[in-house]
Amino acid sequence: MTRLLFLFFTYAFLGWVLETVLVTLKQKKVVNRGFLNGPLCMIYGITAIILTVGLTSLKDNIFFLFVGSCIYATVTELLAGKFLEKYYHGRWWDYSKKKFNFDGYVCLDHSLFWGVLGVIVVKWLNPVLNRFYNANVPILMHTLMWILLAILVLDILGTTSVLLKANDQERYNESNKRIAKFTAGLRAKISSVVERRILRAYPLSPELQEKKGKSRVFAEGCGFYKLFWLFMVGGLIGDLVETVFCRITIGRWMSRSSVVWGPFSIVWGLGFALFTAILYQHRKKSDSFLFIAGTVLGGAFEYLCSVFTEMVFGTIFWDYSHVPFNLAGRINLLYCFFWGIAAVIWFKYVYEKISGLIEKMPIRVGKVLTWIMVVFMLCNIFVSSLALGRYQERRAGVPAEAPWQQIMDEKYDDEVMRRIYPKAKDLDLRGKPAESGIEETEGTNETEQTQEESKGANETEQALEESEGANETEQALEESKGANETKKAAQG
(Lines give C-alpha, C1' and ligand atoms only; values in the text may rest on other atoms or scores of the structure.)
Protein backbone atom coordinates (compact mmCIF):
# COMPACT_ATOMS: atom_id res chain seq x y z
CA MET A 1 0.00 0.00 0.00
CA THR A 2 2.65 2.54 1.02
CA ARG A 3 4.73 1.58 -2.02
CA LEU A 4 1.84 2.51 -4.28
CA LEU A 5 1.35 5.74 -2.33
CA PHE A 6 5.03 6.51 -2.86
CA LEU A 7 4.66 5.97 -6.61
CA PHE A 8 1.47 8.03 -6.67
CA PHE A 9 3.01 11.06 -4.95
CA THR A 10 6.20 10.82 -7.01
CA TYR A 11 4.42 10.73 -10.37
CA ALA A 12 1.84 13.32 -9.28
CA PHE A 13 4.71 15.68 -8.42
CA LEU A 14 6.60 14.93 -11.65
CA GLY A 15 3.37 15.49 -13.59
CA TRP A 16 2.86 18.82 -11.85
CA VAL A 17 6.43 19.84 -12.78
CA LEU A 18 5.88 18.82 -16.40
CA GLU A 19 2.51 20.60 -16.71
CA THR A 20 3.76 23.73 -14.96
CA VAL A 21 6.83 23.99 -17.18
CA LEU A 22 4.83 23.47 -20.39
CA VAL A 23 2.12 25.98 -19.47
CA THR A 24 4.66 28.50 -18.15
CA LEU A 25 6.56 28.35 -21.44
CA LYS A 26 3.32 28.72 -23.37
CA GLN A 27 1.91 31.63 -21.33
CA LYS A 28 5.34 33.13 -20.56
CA LYS A 29 4.57 33.40 -16.86
CA VAL A 30 4.77 31.01 -13.90
CA VAL A 31 1.47 29.12 -13.39
CA ASN A 32 0.63 26.53 -10.73
CA ARG A 33 -0.97 23.97 -13.02
CA GLY A 34 -2.31 21.64 -10.34
CA PHE A 35 -6.01 21.28 -9.52
CA LEU A 36 -4.97 21.30 -5.85
CA ASN A 37 -2.98 23.90 -3.96
CA GLY A 38 -0.06 21.54 -3.40
CA PRO A 39 2.48 20.71 -6.13
CA LEU A 40 0.57 17.69 -7.41
CA CYS A 41 -1.30 16.73 -10.58
CA MET A 42 -3.46 13.88 -9.37
CA ILE A 43 -4.30 12.58 -12.82
CA TYR A 44 -0.62 11.73 -13.40
CA GLY A 45 -0.39 9.89 -10.08
CA ILE A 46 -3.63 7.96 -10.63
CA THR A 47 -2.70 7.03 -14.19
CA ALA A 48 0.77 5.88 -13.14
CA ILE A 49 -0.74 3.58 -10.49
CA ILE A 50 -3.19 2.10 -12.99
CA LEU A 51 -0.38 1.46 -15.49
CA THR A 52 1.88 0.02 -12.78
CA VAL A 53 -0.76 -2.38 -11.50
CA GLY A 54 -2.24 -3.31 -14.84
CA LEU A 55 0.67 -3.39 -17.27
CA THR A 56 3.78 -4.44 -15.36
CA SER A 57 3.39 -7.97 -16.73
CA LEU A 58 3.78 -6.48 -20.25
CA LYS A 59 6.97 -4.53 -19.59
CA ASP A 60 8.93 -6.82 -21.92
CA ASN A 61 6.39 -6.38 -24.71
CA ILE A 62 6.89 -2.77 -25.81
CA PHE A 63 4.10 -2.75 -28.40
CA PHE A 64 1.30 -3.93 -26.11
CA LEU A 65 2.70 -1.86 -23.25
CA PHE A 66 2.49 1.24 -25.45
CA VAL A 67 -1.03 0.41 -26.67
CA GLY A 68 -2.24 -0.38 -23.16
CA SER A 69 -0.76 2.84 -21.80
CA CYS A 70 -2.50 4.84 -24.53
CA ILE A 71 -5.87 3.23 -23.74
CA TYR A 72 -5.76 3.36 -19.93
CA ALA A 73 -4.36 6.89 -19.75
CA THR A 74 -6.84 8.18 -22.33
CA VAL A 75 -9.81 6.64 -20.49
CA THR A 76 -8.55 8.05 -17.18
CA GLU A 77 -8.21 11.55 -18.66
CA LEU A 78 -11.65 11.30 -20.25
CA LEU A 79 -13.33 10.19 -17.02
CA ALA A 80 -11.53 12.90 -15.05
CA GLY A 81 -12.76 15.57 -17.47
CA LYS A 82 -16.33 14.29 -17.36
CA PHE A 83 -16.23 14.08 -13.56
CA LEU A 84 -15.10 17.70 -13.25
CA GLU A 85 -17.72 18.80 -15.76
CA LYS A 86 -20.47 16.90 -13.95
CA TYR A 87 -19.72 17.99 -10.41
CA TYR A 88 -17.96 21.33 -10.93
CA HIS A 89 -20.17 22.51 -13.81
CA GLY A 90 -17.69 23.29 -16.54
CA ARG A 91 -14.78 22.21 -18.72
CA TRP A 92 -11.29 22.40 -17.29
CA TRP A 93 -9.49 21.77 -20.58
CA ASP A 94 -10.66 21.61 -24.15
CA TYR A 95 -9.07 19.85 -27.12
CA SER A 96 -12.04 20.51 -29.41
CA LYS A 97 -9.86 22.41 -31.87
CA LYS A 98 -7.38 19.55 -32.16
CA LYS A 99 -7.74 16.85 -34.78
CA PHE A 100 -9.01 13.41 -33.78
CA ASN A 101 -10.41 14.58 -30.43
CA PHE A 102 -13.14 12.85 -28.43
CA ASP A 103 -15.59 15.08 -26.54
CA GLY A 104 -12.86 17.72 -26.40
CA TYR A 105 -11.26 15.96 -23.42
CA VAL A 106 -8.86 13.61 -25.20
CA CYS A 107 -7.14 13.69 -28.57
CA LEU A 108 -4.82 11.49 -30.58
CA ASP A 109 -1.53 13.33 -30.01
CA HIS A 110 -2.06 13.47 -26.23
CA SER A 111 -2.98 9.76 -26.19
CA LEU A 112 0.23 8.90 -28.05
CA PHE A 113 2.15 11.06 -25.60
CA TRP A 114 0.54 9.14 -22.71
CA GLY A 115 1.60 5.91 -24.39
CA VAL A 116 5.25 7.00 -24.51
CA LEU A 117 5.11 8.11 -20.86
CA GLY A 118 3.55 4.79 -19.90
CA VAL A 119 6.40 2.83 -21.47
CA ILE A 120 8.97 5.01 -19.71
CA VAL A 121 7.19 4.67 -16.36
CA VAL A 122 6.61 0.92 -16.37
CA LYS A 123 9.83 -0.21 -18.03
CA TRP A 124 12.44 2.18 -16.65
CA LEU A 125 11.25 4.57 -13.94
CA ASN A 126 9.40 2.08 -11.73
CA PRO A 127 12.46 -0.15 -11.12
CA VAL A 128 14.52 2.90 -10.14
CA LEU A 129 11.85 4.22 -7.77
CA ASN A 130 11.34 0.78 -6.23
CA ARG A 131 15.07 0.50 -5.50
CA PHE A 132 14.99 3.95 -3.89
CA TYR A 133 11.96 2.94 -1.80
CA ASN A 134 13.64 -0.29 -0.64
CA ALA A 135 16.83 1.56 0.28
CA ASN A 136 15.04 3.71 2.91
CA VAL A 137 13.98 2.81 6.44
CA PRO A 138 10.51 1.21 6.16
CA ILE A 139 9.00 2.96 9.19
CA LEU A 140 10.19 6.32 7.85
CA MET A 141 8.63 5.75 4.43
CA HIS A 142 5.37 4.48 5.95
CA THR A 143 5.06 7.49 8.25
CA LEU A 144 5.91 9.95 5.49
CA MET A 145 3.38 8.44 3.07
CA TRP A 146 0.52 8.58 5.58
CA ILE A 147 1.36 12.17 6.50
CA LEU A 148 1.34 13.15 2.82
CA LEU A 149 -1.97 11.31 2.34
CA ALA A 150 -3.53 13.26 5.23
CA ILE A 151 -2.30 16.56 3.75
CA LEU A 152 -3.67 15.52 0.35
CA VAL A 153 -7.12 14.80 1.81
CA LEU A 154 -7.19 18.20 3.52
CA ASP A 155 -6.12 19.88 0.29
CA ILE A 156 -8.87 18.10 -1.66
CA LEU A 157 -11.51 19.07 0.89
CA GLY A 158 -10.34 22.68 0.95
CA THR A 159 -10.28 23.05 -2.83
CA THR A 160 -13.63 21.31 -3.21
CA SER A 161 -15.31 23.50 -0.60
CA VAL A 162 -14.15 26.60 -2.45
CA LEU A 163 -15.34 25.32 -5.80
CA LEU A 164 -18.73 24.30 -4.44
CA LYS A 165 -19.22 27.58 -2.61
CA ALA A 166 -19.16 25.85 0.74
CA ASN A 167 -18.08 29.05 2.50
CA ASP A 168 -21.58 30.35 3.13
CA GLN A 169 -21.35 33.45 5.31
CA GLU A 170 -24.58 32.66 7.20
CA ARG A 171 -22.98 29.63 8.80
CA TYR A 172 -20.51 31.84 10.57
CA ASN A 173 -23.14 34.21 11.93
CA GLU A 174 -24.62 31.39 13.97
CA SER A 175 -21.36 30.97 15.87
CA ASN A 176 -19.54 33.33 18.14
CA LYS A 177 -19.18 36.60 16.24
CA ARG A 178 -15.49 36.95 16.92
CA ILE A 179 -14.58 33.44 15.82
CA ALA A 180 -16.97 33.70 12.92
CA LYS A 181 -15.44 36.96 11.77
CA PHE A 182 -11.89 35.64 11.98
CA THR A 183 -12.80 32.34 10.30
CA ALA A 184 -14.83 34.01 7.57
CA GLY A 185 -12.01 36.41 6.83
CA LEU A 186 -9.46 33.61 6.70
CA ARG A 187 -11.67 31.50 4.45
CA ALA A 188 -12.34 34.49 2.22
CA LYS A 189 -8.60 35.02 1.76
CA ILE A 190 -7.99 31.34 1.09
CA SER A 191 -10.93 31.22 -1.32
CA SER A 192 -9.69 34.27 -3.16
CA VAL A 193 -6.20 32.80 -3.54
CA VAL A 194 -7.50 29.41 -4.69
CA GLU A 195 -9.97 30.92 -7.15
CA ARG A 196 -7.35 33.18 -8.72
CA ARG A 197 -4.87 30.29 -8.94
CA ILE A 198 -7.39 27.96 -10.59
CA LEU A 199 -8.48 30.58 -13.10
CA ARG A 200 -4.84 31.24 -14.01
CA ALA A 201 -4.06 27.54 -14.34
CA TYR A 202 -7.30 26.56 -16.11
CA PRO A 203 -8.75 29.52 -18.03
CA LEU A 204 -11.60 27.30 -19.22
CA SER A 205 -12.64 26.30 -15.69
CA PRO A 206 -16.08 27.49 -14.61
CA GLU A 207 -16.48 30.55 -12.49
CA LEU A 208 -18.17 29.55 -9.28
CA GLN A 209 -21.86 29.56 -9.92
CA GLU A 210 -25.05 28.73 -8.13
CA LYS A 211 -26.23 25.16 -8.17
CA LYS A 212 -28.73 24.12 -10.78
CA GLY A 213 -32.34 23.59 -9.85
CA LYS A 214 -33.28 20.19 -8.53
CA SER A 215 -34.49 17.71 -11.10
CA ARG A 216 -38.01 16.32 -10.80
CA VAL A 217 -36.98 13.01 -12.34
CA PHE A 218 -35.08 10.34 -10.45
CA ALA A 219 -31.63 9.45 -11.88
CA GLU A 220 -31.97 11.86 -14.78
CA GLY A 221 -29.07 11.98 -17.23
CA CYS A 222 -25.94 10.00 -16.43
CA GLY A 223 -25.22 10.61 -12.75
CA PHE A 224 -24.44 8.37 -9.80
CA TYR A 225 -27.96 6.97 -9.30
CA LYS A 226 -28.39 6.07 -12.96
CA LEU A 227 -24.94 4.46 -13.21
CA PHE A 228 -25.46 2.45 -10.03
CA TRP A 229 -28.70 0.90 -11.26
CA LEU A 230 -27.13 0.23 -14.65
CA PHE A 231 -24.34 -1.52 -12.73
CA MET A 232 -26.92 -3.71 -10.99
CA VAL A 233 -28.85 -4.50 -14.16
CA GLY A 234 -25.68 -5.12 -16.17
CA GLY A 235 -24.39 -7.51 -13.51
CA LEU A 236 -27.58 -9.58 -13.63
CA ILE A 237 -27.66 -9.62 -17.43
CA GLY A 238 -23.99 -10.57 -17.62
CA ASP A 239 -24.39 -13.47 -15.22
CA LEU A 240 -27.37 -14.76 -17.22
CA VAL A 241 -25.53 -14.45 -20.55
CA GLU A 242 -22.41 -16.25 -19.27
CA THR A 243 -24.49 -19.02 -17.67
CA VAL A 244 -26.37 -19.69 -20.93
CA PHE A 245 -23.11 -19.44 -22.93
CA CYS A 246 -21.47 -22.09 -20.72
CA ARG A 247 -24.52 -24.34 -21.11
CA ILE A 248 -24.31 -24.08 -24.89
CA THR A 249 -20.52 -24.41 -25.28
CA ILE A 250 -19.63 -26.75 -22.41
CA GLY A 251 -22.88 -28.67 -22.10
CA ARG A 252 -23.72 -28.04 -18.45
CA TRP A 253 -25.02 -25.33 -16.17
CA MET A 254 -22.47 -23.63 -13.93
CA SER A 255 -22.33 -20.55 -11.73
CA ARG A 256 -20.74 -17.46 -13.27
CA SER A 257 -21.40 -15.16 -10.32
CA SER A 258 -18.72 -12.90 -8.82
CA VAL A 259 -20.24 -12.87 -5.33
CA VAL A 260 -21.56 -15.42 -2.86
CA TRP A 261 -25.01 -13.83 -2.52
CA GLY A 262 -27.01 -13.93 -5.70
CA PRO A 263 -26.35 -14.29 -9.44
CA PHE A 264 -24.34 -11.17 -10.13
CA SER A 265 -21.27 -10.50 -12.29
CA ILE A 266 -19.30 -7.51 -11.04
CA VAL A 267 -17.18 -7.42 -14.22
CA TRP A 268 -20.25 -7.11 -16.44
CA GLY A 269 -21.91 -4.62 -14.10
CA LEU A 270 -18.87 -2.36 -13.97
CA GLY A 271 -18.41 -2.78 -17.71
CA PHE A 272 -21.90 -1.56 -18.57
CA ALA A 273 -21.64 1.35 -16.12
CA LEU A 274 -18.23 2.30 -17.57
CA PHE A 275 -19.44 2.05 -21.17
CA THR A 276 -22.43 4.25 -20.36
CA ALA A 277 -20.35 6.87 -18.54
CA ILE A 278 -17.87 7.15 -21.42
CA LEU A 279 -20.17 6.74 -24.42
CA TYR A 280 -23.36 8.34 -23.08
CA GLN A 281 -23.17 11.36 -25.36
CA HIS A 282 -22.32 9.11 -28.33
CA ARG A 283 -24.87 6.36 -27.70
CA LYS A 284 -26.79 7.19 -30.90
CA LYS A 285 -23.77 7.02 -33.19
CA SER A 286 -23.27 4.30 -35.77
CA ASP A 287 -23.05 0.62 -34.92
CA SER A 288 -19.48 0.47 -36.23
CA PHE A 289 -18.39 3.27 -33.87
CA LEU A 290 -20.00 1.58 -30.86
CA PHE A 291 -18.56 -1.80 -31.87
CA ILE A 292 -14.98 -0.48 -32.13
CA ALA A 293 -15.28 1.52 -28.91
CA GLY A 294 -16.78 -1.47 -27.07
CA THR A 295 -14.10 -3.82 -28.38
CA VAL A 296 -11.23 -1.58 -27.27
CA LEU A 297 -12.72 -0.51 -23.94
CA GLY A 298 -13.99 -4.00 -23.12
CA GLY A 299 -10.63 -5.63 -23.78
CA ALA A 300 -8.76 -3.06 -21.70
CA PHE A 301 -11.30 -3.31 -18.90
CA GLU A 302 -11.26 -7.13 -18.80
CA TYR A 303 -7.45 -7.17 -18.77
CA LEU A 304 -7.33 -4.79 -15.81
CA CYS A 305 -9.97 -6.83 -13.95
CA SER A 306 -7.92 -9.99 -14.45
CA VAL A 307 -4.80 -8.35 -13.01
CA PHE A 308 -6.71 -6.86 -10.07
CA THR A 309 -8.47 -10.10 -9.05
CA GLU A 310 -5.22 -12.06 -9.21
CA MET A 311 -3.42 -9.47 -7.08
CA VAL A 312 -6.16 -9.29 -4.45
CA PHE A 313 -7.35 -12.91 -4.28
CA GLY A 314 -4.36 -14.82 -5.65
CA THR A 315 -6.75 -16.74 -7.90
CA ILE A 316 -7.31 -17.02 -11.64
CA PHE A 317 -11.00 -16.67 -12.50
CA TRP A 318 -10.59 -17.00 -16.27
CA ASP A 319 -7.73 -18.14 -18.47
CA TYR A 320 -7.61 -17.75 -22.25
CA SER A 321 -4.08 -19.09 -22.65
CA HIS A 322 -5.24 -21.77 -25.09
CA VAL A 323 -7.55 -19.48 -27.09
CA PRO A 324 -6.03 -18.04 -30.31
CA PHE A 325 -4.95 -14.39 -30.28
CA ASN A 326 -4.83 -14.07 -26.51
CA LEU A 327 -2.78 -11.60 -24.48
CA ALA A 328 -1.15 -13.15 -21.39
CA GLY A 329 -4.19 -15.41 -21.06
CA ARG A 330 -6.23 -12.48 -19.73
CA ILE A 331 -8.06 -11.42 -22.88
CA ASN A 332 -8.45 -12.70 -26.42
CA LEU A 333 -9.58 -11.18 -29.69
CA LEU A 334 -12.83 -13.15 -29.96
CA TYR A 335 -14.08 -12.10 -26.53
CA CYS A 336 -13.04 -8.50 -27.21
CA PHE A 337 -15.36 -8.68 -30.22
CA PHE A 338 -18.08 -9.95 -27.86
CA TRP A 339 -17.62 -6.76 -25.82
CA GLY A 340 -18.08 -4.75 -29.01
CA ILE A 341 -21.27 -6.63 -29.90
CA ALA A 342 -22.53 -6.17 -26.33
CA ALA A 343 -21.94 -2.40 -26.60
CA VAL A 344 -24.01 -2.19 -29.78
CA ILE A 345 -26.87 -4.24 -28.32
CA TRP A 346 -26.74 -2.28 -25.05
CA PHE A 347 -27.05 1.18 -26.57
CA LYS A 348 -29.26 0.34 -29.55
CA TYR A 349 -31.81 -1.98 -27.93
CA VAL A 350 -31.48 -2.14 -24.14
CA TYR A 351 -30.26 1.12 -22.59
CA GLU A 352 -33.23 3.38 -23.36
CA LYS A 353 -35.72 0.85 -21.98
CA ILE A 354 -33.74 0.24 -18.79
CA SER A 355 -33.08 3.95 -18.33
CA GLY A 356 -36.79 4.73 -18.74
CA LEU A 357 -37.72 2.17 -16.07
CA ILE A 358 -35.15 3.56 -13.65
CA GLU A 359 -36.40 7.14 -14.12
CA LYS A 360 -39.99 6.07 -13.36
CA MET A 361 -39.09 5.42 -9.73
CA PRO A 362 -40.25 8.15 -7.32
CA ILE A 363 -37.29 10.31 -6.31
CA ARG A 364 -37.43 9.61 -2.57
CA VAL A 365 -38.13 5.90 -3.01
CA GLY A 366 -35.40 5.62 -5.62
CA LYS A 367 -32.78 7.23 -3.41
CA VAL A 368 -33.69 5.07 -0.41
CA LEU A 369 -33.63 1.87 -2.51
CA THR A 370 -30.33 2.90 -4.07
CA TRP A 371 -28.56 3.30 -0.75
CA ILE A 372 -30.06 0.09 0.59
CA MET A 373 -28.66 -1.74 -2.44
CA VAL A 374 -25.31 0.06 -2.10
CA VAL A 375 -24.99 -1.22 1.47
CA PHE A 376 -26.10 -4.71 0.41
CA MET A 377 -23.58 -4.88 -2.44
CA LEU A 378 -20.75 -3.59 -0.24
CA CYS A 379 -21.55 -6.30 2.34
CA ASN A 380 -21.85 -8.86 -0.44
CA ILE A 381 -18.45 -7.95 -1.88
CA PHE A 382 -16.89 -7.89 1.60
CA VAL A 383 -18.18 -11.36 2.54
CA SER A 384 -17.23 -12.71 -0.89
CA SER A 385 -13.70 -11.37 -0.40
CA LEU A 386 -13.44 -13.08 2.99
CA ALA A 387 -14.76 -16.35 1.55
CA LEU A 388 -12.29 -16.25 -1.35
CA GLY A 389 -9.43 -15.33 0.95
CA ARG A 390 -10.22 -18.21 3.27
CA TYR A 391 -10.66 -20.56 0.30
CA GLN A 392 -7.12 -19.69 -0.77
CA GLU A 393 -5.84 -20.21 2.78
CA ARG A 394 -7.39 -23.68 2.95
CA ARG A 395 -5.64 -24.57 -0.30
CA ALA A 396 -2.39 -23.50 1.31
CA GLY A 397 -3.12 -25.56 4.43
CA VAL A 398 -3.64 -22.60 6.79
CA PRO A 399 -5.68 -23.70 9.85
CA ALA A 400 -8.77 -21.78 10.96
CA GLU A 401 -7.77 -19.94 14.13
CA ALA A 402 -9.58 -16.60 13.96
CA PRO A 403 -13.39 -16.50 14.38
CA TRP A 404 -13.94 -15.19 10.84
CA GLN A 405 -11.93 -18.10 9.43
CA GLN A 406 -14.08 -20.59 11.32
CA ILE A 407 -17.26 -18.91 10.10
CA MET A 408 -16.04 -18.98 6.50
CA ASP A 409 -15.11 -22.67 6.84
CA GLU A 410 -18.57 -23.43 8.16
CA LYS A 411 -20.63 -21.34 5.73
CA TYR A 412 -18.44 -21.48 2.62
CA ASP A 413 -16.48 -24.72 2.59
CA ASP A 414 -14.61 -26.02 -0.46
CA GLU A 415 -17.69 -27.67 -1.95
CA VAL A 416 -19.69 -24.43 -1.80
CA MET A 417 -16.83 -22.36 -3.21
CA ARG A 418 -16.26 -24.79 -6.09
CA ARG A 419 -19.94 -24.53 -6.92
CA ILE A 420 -19.90 -20.70 -6.90
CA TYR A 421 -16.50 -20.33 -8.61
CA PRO A 422 -16.11 -23.46 -10.76
CA LYS A 423 -13.44 -21.91 -13.01
CA ALA A 424 -11.20 -20.60 -10.21
CA LYS A 425 -7.69 -22.03 -10.01
CA ASP A 426 -4.29 -21.24 -8.51
CA LEU A 427 -1.91 -18.77 -10.16
CA ASP A 428 0.66 -21.44 -11.01
CA LEU A 429 -1.89 -23.16 -13.27
CA ARG A 430 -2.09 -20.28 -15.79
CA GLY A 431 -1.19 -21.46 -19.22
CA LYS A 432 -1.20 -25.12 -18.22
CA PRO A 433 -3.68 -27.53 -19.81
CA ALA A 434 -5.55 -27.84 -16.54
CA GLU A 435 -9.32 -27.87 -16.76
CA SER A 436 -11.66 -25.77 -14.71
CA GLY A 437 -11.88 -26.09 -10.97
CA ILE A 438 -14.98 -28.25 -10.99
CA GLU A 439 -13.46 -30.52 -13.64
CA GLU A 440 -10.28 -30.80 -11.59
CA THR A 441 -12.41 -31.77 -8.64
CA GLU A 442 -14.26 -34.38 -10.66
CA GLY A 443 -10.94 -35.70 -11.94
CA THR A 444 -9.58 -35.84 -8.42
CA ASN A 445 -12.66 -37.68 -7.22
CA GLU A 446 -12.37 -40.17 -10.08
CA THR A 447 -8.68 -40.71 -9.28
CA GLU A 448 -9.46 -41.22 -5.62
CA GLN A 449 -12.25 -43.62 -6.53
CA THR A 450 -9.92 -45.54 -8.85
CA GLN A 451 -7.28 -45.68 -6.14
CA GLU A 452 -9.85 -46.94 -3.63
CA GLU A 453 -11.09 -49.56 -6.09
CA SER A 454 -7.50 -50.58 -6.80
CA LYS A 455 -6.78 -50.71 -3.11
CA GLY A 456 -9.89 -52.80 -2.57
CA ALA A 457 -8.89 -55.15 -5.36
CA ASN A 458 -5.41 -55.51 -3.87
CA GLU A 459 -6.91 -56.27 -0.46
CA THR A 460 -9.25 -58.83 -2.00
CA GLU A 461 -6.40 -60.42 -3.89
CA GLN A 462 -4.30 -60.45 -0.75
CA ALA A 463 -7.16 -62.02 1.17
CA LEU A 464 -7.57 -64.68 -1.51
CA GLU A 465 -3.85 -65.40 -1.42
CA GLU A 466 -3.96 -65.64 2.35
CA SER A 467 -7.00 -67.90 2.12
CA GLU A 468 -5.27 -70.04 -0.49
CA GLY A 469 -2.19 -70.17 1.71
CA ALA A 470 -4.31 -71.18 4.65
CA ASN A 471 -5.94 -73.94 2.60
CA GLU A 472 -2.54 -75.21 1.53
CA THR A 473 -1.33 -75.19 5.10
CA GLU A 474 -4.46 -77.05 6.25
CA GLN A 475 -4.02 -79.55 3.44
CA ALA A 476 -0.37 -80.06 4.42
CA LEU A 477 -1.40 -80.65 8.03
CA GLU A 478 -3.98 -83.18 6.96
CA GLU A 479 -1.42 -84.95 4.76
CA SER A 480 1.05 -84.93 7.63
CA LYS A 481 -1.63 -86.29 9.94
CA GLY A 482 -2.47 -89.01 7.43
CA ALA A 483 1.18 -89.91 7.09
CA ASN A 484 1.52 -90.20 10.86
CA GLU A 485 -1.52 -92.46 11.05
CA THR A 486 -0.12 -94.62 8.26
CA LYS A 487 3.23 -94.86 9.98
CA LYS A 488 1.54 -95.68 13.25
CA ALA A 489 -0.49 -98.41 11.60
CA ALA A 490 2.62 -99.84 10.00
CA GLN A 491 4.37 -99.95 13.34
CA GLY A 492 1.38 -101.69 14.86
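**View 1. Glu77 in helix H3 (residues 62-88).** Glu77 is part of helix H3, which spans residues 62-88; helices (H or I, at least four residues) and strands (E, at least two) are DSSP runs, numbered from the N terminus. The model is predicted: local features need pLDDT of at least 70 and side-chain atom pairs count only at pLDDT 80 or more, while totals for chains, interfaces and linings use all residues. Residues are numbered from 1 along each chain as its sequence is written, and side-chain values use heavy atoms, with hydrogens and water left out. Glu77 counts as buried because its relative accessibility is 6%; buried means under 20% relative accessible area, exposed over 50% and partly exposed in between (1.4 Å probe, protein chains only). The side chains of Glu77 and Trp114 make a polar contact at 3.1 Å. A polar contact is a pair of N or O atoms within 3.5 Å; within protein, one must be able to donate a hydrogen and the other to accept it, and residues adjacent in sequence count only if both atoms are side-chain atoms. Not counting residues up to four places away in sequence, Glu77 touches Ile43, Trp93, Tyr95, Tyr105, Val106 and Trp114 (contact means heavy atoms within 4.5 Å).

**View 2. Helix H11 and its bend at Val350.** H11 covers residues 333-359, and its 27 residues reach 36 Å from the first C-alpha to the last, close to the 39 Å expected at 1.5 Å a residue. The expected span is 1.5 Å times one less than the number of residues. At Val350 the helix bends by about 60 degrees, the bend being the angle between axes fitted to the seven residues ending there and the seven starting there. At the start of H11, a side-chain oxygen of Asn332 comes to within 3.1 Å of the backbone nitrogen of Leu334. Buried residues of H11 include Cys336, Trp339, Ala343, Trp346, Phe347, Tyr351 and Ile358. Their cover includes helices H8 (224-249), H9 (266-279) and H10 (287-313), and strand E5 (331-332).

**View 3. Phe347 within H11.** Phe347 is buried, since its relative accessible area is 4%. Leaving aside neighbours within four places in sequence, Phe347 is in contact with Phe275, Thr276, Leu279, Arg283 and Leu290. Phe347 and Arg283 are 64 residues apart along the chain, and their C-alpha atoms are separated by 5.7 Å.

**View 4. Pro362 in the loop between H11 and helix H12 (363-395).** With a relative accessible area of 48%, Pro362 is partly exposed. Its C-alpha lies 9.2 Å from that of Arg216, a residue 146 places away in sequence.

**View 5. Tyr412 and the largest nonpolar core.** A nonpolar core is a set of buried Ala, Val, Leu, Ile, Met, Phe, Trp, Tyr and Cys residues joined through side-chain atoms within 4.5 Å. The largest has 74 residues, of which Phe231, Ile278, Leu279, Tyr303, Tyr412 and Tyr421 touch the most other members. Beyond four places in sequence, Tyr412 is in contact with Val260, Trp261, Val383, Ala387, Arg394, Ile407 and Met417. Another core lies apart from it, with 17 residues, among them Ala12, Tyr133, Met141 and Met145.

**View 6. Positive phi at Ala219 and Phe325.** Ala219, not a glycine, has a positive phi of about 55 degrees. Ala219 sits in the loop between helix H7 (177-201) and H8, and counts as buried at 10% relative accessibility. Phe325 has a phi near 60 degrees and lies in the loop between strands E3 (315-316) and E4 (326-327). Phe325 is exposed, with a relative accessible area of 67%.
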